[in-house]
Amino acid sequence: MKVEISRRRFLQGSVALSVVGGTALGTSNILADTKTSEDNKIRPTKKTPTLCEMCVNKCALIAQVRNGVIKKLDPNPLFPKSKNMLCARGDAGIHALYDPDRLKYPLIRAGKRGDGKYRRASWDEAFEYIKEKMVKILDEEKDNRSCIGYCTGEGMAEPTYKEFMAEKFGSSNFINHASICLQTAISGYALTIGGYGMADLDNAKYIIMAGANRAEAILTPDTMDLFKRTRGRGAKLVVVDPRFTNTAIHADTYVPIKVGTDLAFVLALTYVVIKNRLYNREFVEKNFDNFNVYKLHILQQNYTPQWAEKITGVPAATIEKIAYDFMANAPESVYYQGRRSTWAATDFQLRRAQAIFSALGGGIDIKGGIVFGRKLPLDKEEINSPIYANAQERIEKNAAAIIGSSGSWIAWRNMVAQGNAPYPVRGLFVYKQNPMLSVPNTKKTKEMFEKLDLVVVIDTMPSDTAMMADVILPECTYLEREDPIKSFGGVEPAIVLRQKVINPMYETKPVLEIMKGLAKVLNDPLWKNTLKHDEDVQDDTKDMKPDELEKYRKENGFDLEDMYGANQEEMNKKSFVGKYGEEAWKELRSKGVFYPHMKEYFKQIDKNTFEYYPENKKSYSIDKLGEEADPDAYIHDTCINPKEISELRKFFKTPSKKIECYLGNLKKKGIDAMPTWREESYVKIPKGKFKFITGRHAQFTQDATQNNIMLLELMKENYAWINDKEAEKRGIKFGDEIEVTSKIGSVRIKAYPTPKIIPQTLFYIHGFGAKSTGLTFAHRNGASDNEIIEDRIEPVFGSAIMHDTIVDVRKV
Amino acid sequence: MNYAMALDYQNCINCKACEVACKEENGVQLGADKQRIWVGVTEGSIFGHPFVNLYPSQCNHCIDAPCVSVCPTHASHYIDGGIVMVDPTKCILCKGCMEACPYDARFVDDTIFAVDKCTFCHHRIDEYGTTACQATCPTKVRLFGDLDDENCDLVKLLKKRKFFFLKEGEKTVPKLFYLVPEDENFLLRSVGKDTKIHTWDEIKPIYDEAKAKRSKEWKRS
C-alpha cells in the first residue's frame, strides 16, 4: 500500500522536483517501486503467516510488515484449504485495518438511540457503565441471566465470546447467523445423510449447482477446484438459477428456474431416477432407511418431469436428461449442497430431497461425491460452568419445530420488539454482527433495539447496529490479534493459526481482553446477586463461613474469571502440544499451517500448483477410516456448530451411516416426514409484480466490508437486476432510479436491465445501503435488501425466508 | 531473458482479486479508472440465451512496443527481460504513449503527474518468481515466465497448449499468450473467427527475431 501524497504538498515540492528529478521522487516515497527497494535497505520486511478474516473461509496469508506498517498480504501456499490464493477481499484486508472510520476507543451514547451522538470514554468507564446497568437489570429480574441476550456473526474469536456468555454468564438467549444463513441446508443434510460434508469438486464428474454461486460467493477449496475443471476438463457443470451468474457462464448447461420451485425440480429428478430404476441399487440396499416408503411416495405423488415443468419453467426433457446424466456419472456426481439458504418455506425439505437424490447415485462418503473427510484433533479445556436456577430457557423456543442453540433471529427479534416474550429481555450484546442490515425487516430490528435497556456492541466499524448501542467497545481487526487455534477437517486436513501481525491500534482490544475485562467487573457484583436471588445456591451455602463460601463459588464455576488462560498464545499452545509436540508447535508458528508429515508430503508441482497429501493419504471416506473416524469430522467450517449437529442427530436417533428417507419424529411436530411439494406454501407472483431475490458477490462479504475503499472501487453501489424486456416495457433504462416496494418497506436503487435474469424476478446484492453516518464511504450507497424482505420464518428451524417477498417496481 | 505471461482465460470468474492485489502490491492510484490490470467483459445474448466472456488483461509488454517508440523523452523504456516501464521523472504527460498503445494499458497517475502501467511486478521477480496477480488468483488464470528458458513452466505450457494474441494485427509482438480452451463451443464463442491460433514451434522464431531487433534497447534503464 502506498500512502498517497496530497496534491498540495506535491505542488509545493514541484519546483525542486524539476531540478533534482529522480532523486526528489525517490526520497519522497512517491513511487512504490522505488520505495520497496529503499525500505528494504533500511529495515528488512518482516513476514508473519496468519489467517484472513475478510469472509468465512480463513485463507492462509503472509503479511509483509515494514516499519510497523502492513504493506501487503500475500497468499500462503501451505494451507490445503485455501490453496495459494487470496481473493479481492483478502487482498484488501489492509484497508480494513487502516480504515479511517474504524472504532478507535470506547464510546458511550450521548444522544438518543440511533442519532449517532457518542462521547469518548475510557475502557474502565465503559465497563463500569455496563456493570451498573447489568447489576440493576439482573437484580430486578431476580438473577434470570437470560434477560440479557447476545448475538454474534461468524468468526474465529466467536467461541471466546460465546462461551463466556453461555457457560459463565449463563444466558440461554444466543442468536447467531445460522437462521439468516445456512441453517436449513446444514441441518437438512445432517438429518438425512448424517452430515453436511463437502462436495469433492476436485474429482466429481457431474455437478448440479442450484442457486449456489461459487464464482461470486467464493468458498475454499470448492471455487478453486471447480473452475479449473469446467469447460470440458473433467467436470460437467449444470447451473440452475433464476440469474445467469458468473458461475453459470462456466456451465455446460444453464437452466433458468422460477424462484422458489427448486423442490419440484429435485422431486422430478428423483421421480425419473426411481421410475426408471437408474439409482445405485447396491448402495441403496445397504445404506437407505425406508427407501420403499420414499419410492412409493414419489411415484404416488406423480412428480413427473411434465408436472415439474409447469411449476419450475424447466422443460421436462431437460429434467429427464439431467437425471440420466447425473446417474450415468454417479457415484462421482454431486447435487451441490449450497450454503446461504432458506429461499422458501419448504427449504428444509428441498435440502433433504437434494441429499437423498445425491445418495441415490451412491455419491456419499466417496471420492468425487459428498465427502466427510477427517479432522486433526486438538485438546480442549473444560469450562467449569455454573448452574443458575433462575436462568430461563430461550424466549422463542416454540417458534418452530426445532429451535436449536443458535436460535431464530426473526422470531427472537419480533418477540422482543413486540414485547410478547415469556419474560422481559432487557439487554443485548452484539459481537461482529450487524442485524440492522442483516435481518429481514429493518424497521422491526430498530424497534427491538429501542425496547432494550442495555445494548453493547463490540465491533471494528461504526455500523448501523453500532449506532443503536449504549456502549460501543472497539475490537481490533484480525491482523492485530491472535485467535483460538483452528483445525480444518476435510479430504486434506490441517491445523492453522491466526497470529498477531501488528499490535492493536488506537485503544482497541481483542475480544478475549474485552471479555476478560467484563468478567472482572461483573464477577463479584453478579455473585452477590446470585446469592440474593438463587434459592438453590442459598440452600447449598446456608451457614457457610466466608472461606467455605469462596471455595463453593470456585468449585461450582461461579468465578467468572476462571475460564481464560493468561493469553491466547499460551491457550493455543496448550491445546496443540499435547497431541503434536513442541517441534510441531514451532513449525506451526513459523509457517502458519501444520499437518503431520507436512515436510514430506508438501510438494510444488509448478508455479501455480501444489500437492498437500499424496493421493493415498487423502481422507475421502470415513467408512474406510474406521476407528479413526471422529464425530467432529462432519463439520468443516466455522459457520457450523458441531455441538448443535450432534444434538440434532441424537434427538432423531439417526442410525449411523444410514440415509434417512423418512423422519417420523418430525411428523409428530407437524412437519412432512418426507420431502413433499405443497402448492399452498408456494408464493405465486401476481401479474405485473416481481419476486425479490438477494445474493452475494466476490467483492464484498455481507455488510462487513462495505466501507473498504479498495473494494468500493470495484463496485461503488448495488444495482437492481431486472429482465431487460420487462424493463423496456416500463421504460426503465440502465442507471435509472427505481423504487422497489414490498409490504414492509420501500427502497430506491439504480436499475440494471439485463437478459441475465428471468422475468418477474428482481435481484440486488446484499450488503449495501448503510445509513450510519460513521461510515464515510459506505453511507447510503445503493439499497439494503432487508428493508424490503418480509420477516417470515420457515416452520422447521425458524430460519428467515429470503426469497418469497413480492415487490412492486416503479420508475422514479 | 524475455518475460511473458500465459493466460488460461477460461478459468476466470471475474472475482477481481488480481486487480486488488496489483493495487496493493504496486501502490497504484485509487480510482475505478486507474487500473494496471483488468478483466474485460463482453456480454450479450444469442437467441435469448445470455452469454458472458471474460478476458483478464494488462500491458502486453510488446517486443516491438509502439509506446516506447513514440515517447519523446524516453520516459517509456524497456528494462531487462523486455519489461516496458515508465520513468515518471521523465514523463511530460504528452499522452502519446496512451494513444499509441493498442491495448489501452496506460493511464495517468494524478498523484505523480505521470503515466502509469503494469510493470510485471519486476521488483518481485527475484524473490517470488511471479507477479502479484498470478500469486493471488483463486483459479490460477496466469502463468508468468521467461520465453528464453526452455525449462520454465511457461514454455512447458506453451509447448503443450495452443494460444492466440489480442489484436495481433497491430504487429506489436505482444507477450500475453491467451491459451486456447479445450472446449470447442467455448472456443467458438470466445475467440473471433479471424483470430490466428498459434503453436510454440511456429511462433518461437518470430518472437526471437523480433527480440533480436529491439533487445539492444532492453538494458537502457
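## Basis of the model

The model is predicted: local features need pLDDT of at least 70, side-chain atom pairs count only at pLDDT 80 or more, and totals for chains, interfaces and linings use all residues. Residues are numbered from 1 along each chain as its sequence is written, chains are lettered from A and ligands numbered from 1 in the order in which they are written, and side-chain values use heavy atoms, with hydrogens and water left out.

## Extent of the interface

Chain B contributes 57 residues and chain A contributes 55 residues to the contact, where contact means heavy atoms within 4.5 Å. Together the two chains bury about 4700 Å², of which 57% is on carbon and sulfur atoms; buried area is the accessible area (1.4 Å probe) that two parts lose on being put together, summed over both. On the side of chain B, the most area is lost to chain A by B:I13, B:E24 and B:P50, which together account for 14% of what that side buries.

## Polar and charged pairs across the interface

Between chain B and chain A, 23 residue pairs are in polar contact, both residues being at pLDDT 80 or more. A polar contact is a pair of N or O atoms within 3.5 Å; within protein, one must be able to donate a hydrogen and the other to accept it, and residues adjacent in sequence count only if both atoms are side-chain atoms. The side of chain B that touches chain A draws at least two residues from each of several elements, including β2 (37–46), β3 (49–58) and α7 (184–190). Helix α1(B) gives the most to this side, with eight residues. By class, the residues of this side are 22 nonpolar, 19 polar and 16 charged.

The interface holds six salt bridges, and the count over all chains is 70; a salt bridge is a side-chain nitrogen of Lys or Arg within 4 Å of a carboxyl oxygen of Asp or Glu. In the pair of B:E127 and A:K47, the closest N and O atoms are 2.3 Å apart. In the salt bridge of A:D74 with B:R124, the corresponding separation is 3.2 Å. A:D74 belongs to strand β3 (residues 69–75) of chain A and B:R124 to the loop between β7 (114–116) and α4 of chain B, so this pair joins two chains.

## Helix packing in chain A

Helices α10 (residues 262–275) and α14 (residues 316–329) of chain A pack at an angle of about 65°, their axes lying 9 Å apart. Helices (H or I, at least four residues) and strands (E, at least two) are DSSP runs, numbered from the N terminus. Residues making the contact include A:F265 and A:L269 of α10(A), and A:I319 and A:M327 of α14(A). The contact comprises ten nonpolar, no polar and one charged residues.

## Backbone features of chain A

Most residues other than glycine have a negative phi, and most peptide bonds are trans. The bond from A:T220 to A:P221 is cis, with omega near -5°, and A:P221 is placed in the loop between β9 (206–210) and α9 (222–226). A cis peptide bond also joins A:A330 and A:P331, with omega about 5°; A:P331 is in the loop between α14 and β13 (333–335). A:N67 has a positive phi, near 50°, and lies in the loop between β2 (60–66) and β3 of chain A.

Conventions
Ala, Val, Leu, Ile, Met, Phe, Trp, Tyr, Cys and Pro count as nonpolar, Asp, Glu, Lys and Arg as charged, and the others, Gly among them, as polar. Axes are lines fitted to C-alpha atoms, for helices over the stretch in contact, and angles run from 0 to 180 degrees between N-to-C directions.
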